[in-house]
Amino acid sequence: MSIFPFVVVAWVCAVGLYGIITSRHLVHQIVCLIVVQSSTYILLLGVGYKTGAVAPYFYDIPLNTPAVDPVVQALALTDVVVEAAVTALLLAFAVQAHKRFGTLDPEELRQFQG
Amino acid sequence: MDSLLPLAVAVPLVAAAGISALNPLFGHRRRVLDAVAILTAAAVTGLLVVIMLSTADGQRVYWFAGFTPSHGVALGIDFAVDQLNSGLATLTATLVTAALVFSWRYFERVSTYYHALMLVFLAGMVGFCLTGDIFNLFVFFELMGVAAYALTAYRPEERGPLQGALNFAITNSVGAYLSLSGIGLIYGRTGALNMAQIGQAITGHRPDGLVVVAFVLILMGLLTKASIVPFHFWLADAHAVAPTPVCVLFSGVMVELGLYGIARVYWSMFGAGLGHRDAITAVLLALGIATAVVGALFCFRQRHLKRLLAFSTINHAGLFLIGIALLTPLGLTGAAVYVIGHGLIKAALFLSVGIVLHRLGSVNETFLHGRGRGLPVTGVVFVLAALALADLPPFALYLGAGWIGQSGDARELHWITAVIMTTSVLVGAAVLRVAGGVFYGLGDPPSEDPQMAEEASEETSETDEAKSRTPLSMIVPPAVLVAAALAVGLLPQLGDLVQDGAVRFQDQAAYNATVLVGAHIAHPTALLGPEDTSVTTTDVVTGVGTAVASLVLALMALYWRRLPVLRRGFEPGAGLVRPIRRFQSGVVNDYVTWMVVGLACIGGALAFAIR
């Protein structure tokens with residue numbers, strides 16, 4: 001297994017965090033959060049990947065054929081479900097903010113400080 | 001017996017689904033919804049008490065769908081229940097019940113989603129306590145997270161709730177994704193997701209870089225949930241705006257669940273593999289002290305009652321982390337008892353603030369000065385709870401503080417008692433100042449802080465308008481919770497019982513054997529050995545001293561304008577306002593920046609020390 005997927009993971013995660021930190025627009029910020037999460041998909045799939053292995057369906061292939069790890073794929077799928085819930089909720093908040101206050105800037109939405 | 005375990009999560013989930021599905025039928029009959037929710041929460045509490053009592057003679061393990069381990073290899077997902085995590089789950093269910101009873105008359109109008117979300121929140125928290133699988137832990141972490149974000153923005157028509165919910169959701173999600181990366185890495189190393197299996201796989205090898213990185217990453221989400229400095233910023237924003245019954249759960253148990261997660265991950269997975277280095281104690285102690293100090297200072301300067309209590313929770317989270325960081329059974333015992341006492345008392349305080357908001361329509365200490373005179377019963381409950389928070393014996397909190405201090409002494413860390421006392425005095429004084437000023441009109445009315453007045457004035461639409469009397473269903477829960485904290489403090493043999501649980505919690509070999517081969521371990525042994533849990537005179541004197549000092553400081557805060565040394569017109573700490581505002585800036589961008597800084601510092605420190 002090469003180190004390359006993990007370099008990509010670190011890069012995607014860092015890019016997403018940089019976006020969250022610098023963003024002045026809620027929708028953009030939420031998309032950056034999705035980018036951070038995307039790094040976990042790559043990580044999970046990278047962990048279970050085997051060069052030259054097949055997809056883990058043992059229907060018409062011999063049982064000892066090398067296959068990629070199906071557990072991490074299940075984890076990634078669960079991860080996608082979690083992301084869908086969180087993202088939908090966050091975007092609903094953004095819609096509310098825009099409807100009520102006409103702004104999507106986190107700083108203009110601020111009520112509490114200190 | 002063991003088949004009861006999944007019911008504690010399944011029952012509230014099914015009830016929540018049922019409430020949502022039957023919404024067209026019962027949506028307008030609010031009392032039906034209230035009653036179903038309260039009965040469900042009470043049933044879960046009863047179930048968890050039965051489960052907790054059944055763990056007295058050993059750990060209970062339940063494997064979903066009958067996937068028991070074969071030849072010591074775990075294939076399925078398990079619930080592994082011992083005294084400590086079942087006790088924490090029981091506390092959770094108790095507080096949810098109290099919060100739902102309080103809600104009976106608290107909300108004018110309430111939508112179905114409130115009850116369904118509260119029950120999902122309960123299921124997520126109980127599942128988080130009981131699970132023995134690290135990925136399952138992440139799923140329950142997210143489940144309770146999503147319910148909590150939605151509950152925070154219960155009133156999305158205002159600015160504050162949106163700010164609080166967004167800050168809460170984004171910081172906690174970033175933490176959760178970092179944790180998930182750690183879980184992926186440790187799975188890549190060990191090929192397991194069961195905590196016992198992972199622990200067994202990494203024990204006995206020299207810890208390599210990958211294990212350390214996975215440990216640090218998994219800690220990130222838990223530290224964020226536990227509101228440990230510098231991951232704590234979201235907490236005050238979320239607490240200030242969530243409906244008061246929800247704040248009870250945030251402060252009383254959700255933050256503590258983050259700390260439980262840290263202890264669980266450490267003692268079931270990484271502890272033996274990392275070799276219980278002193279460096280781990282040092283890093284966690286440093287975080288705990290920073291959290292305790294920051295929480296106490298911010299608490300003392302607050303005038304917004306809910307934010308004041310939120311910062312007090314940050315202070316206590318730091319103290320709990322100190323107890324865990326000592327790695328001794330007595331330290332963990334102290335933290336556990338402290339969590340129970342704090343959960344009950346903080347819940348009572350939040351509910352009292354809810355009554356104040358219900359009756360007087362404000363949570364601004366300046367505005368409320370002297371206006372709470374018409375609330376005699378609430379006043380008494382609040383004062384008792386405030387004194388308990390300042391470690392007054394015989395409320396349970398002084399025992400926790402005392403045992404953490406004793407355990408620190410045994411590890412030659414004598415200054416821990418001093419840290420606990422000083423920060424507790426500040427927090428106790430802040431809450432007692434509120435009690436004296438609001439309910440008895442003591443001292444001079446505090447000068448108006450325009451920023452805080454503006455913040456607190458938006459806090460009115462939770463209840464429609466000020467009411468003329470307090471319903472019984474609102475005053476009984478806080479009174480009962482204060483009485484419960486008193487009863488726990490007076491329980492004979494409490495220390496020995498909890499320390500038995502702590503020893504079992506810290507015996508990683510016994511945990512592995514019970515989960516993976518179904519062994520029954522009658523006499524677990526902890527790394528550092530149990531200590532004496534008798535209540536010493538020092539504990540009582542320290543507790544009384546803290547409470548008296550808090551009272552004195554509270555009176556000084558109320559009457560400081562009349563002190564001869566201070567001139568009129570002098571505002572203490574006026575020069576600090578700007579830096580404080582810049583630190584706790586209220587913008588999520590800054591919070592995530594601090595999280596990255598925290599990740600780099602903790603990761604660097606641990607990598608350097610464990611290498």
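This tour moves through a predicted model, starting with chain B as a whole, then going to one residue inside that chain, and ending where chain A touches chain B.

Begin by selecting chain B and colouring it by secondary structure, which brings out 25 helices and two strands. The radius of gyration of chain B is 23 Å, close to the 25 Å that the globule rule gives for 611 residues, so chain B is as compact as a globular protein of that length. Turned along its principal axes, chain B has C-alpha atoms that fill a box of roughly 75 × 60 × 50 Å. Of the 611 residues in chain B, 62% are buried, and among the contacts in this chain with a separation of 6 or more, 83% are between residues 24 or more positions apart.

Next, select helix α22 of chain B, residues 508-517, and pick out N512(B) within that helix. Is N512(B) buried or exposed? N512(B) is buried, because 23 other C-beta atoms lie within 10 Å, where the cut-off for a buried residue is 20 or more. Leaving aside residues up to four places away in sequence, show A196(B), G199(B) and Q200(B), which N512(B) touches.

Finally, bring chain A into view and select the 35 residues of chain A that are in contact with 41 residues of chain B. The elements giving two or more residues to this side of chain A are α1 (4-22), α2 (26-48) and α3 (70-101), and α3(A) gives the most, with 14 residues. Coloured by class, this side of chain A shows 21 nonpolar, 10 polar and four charged residues.

How values were computed: Residues are numbered from 1 along each chain as its sequence is written. Chains are lettered from A and ligands numbered from 1 in the order in which they are written. This is a predicted model: local features need pLDDT of at least 70, side-chain atom pairs count only at pLDDT 80 or more; totals for chains, interfaces and linings use all residues. Two residues are in contact if their C-beta atoms, placed from the backbone, lie within 7 Å. Helices (H or I, at least four residues) and strands (E, at least two) are DSSP runs, numbered from the N terminus. Ala, Val, Leu, Ile, Met, Phe, Trp, Tyr, Cys and Pro count as nonpolar, Asp, Glu, Lys and Arg as charged, and the others, Gly among them, as polar. A residue is buried if 20 or more other C-beta atoms lie within 10 Å of its own, exposed if 12 or fewer, and partly exposed in between; C-beta atoms are placed from the backbone. The radius of gyration is taken over C-alpha atoms; the globule rule is 2.2 Å times the number of residues to the power 0.38.
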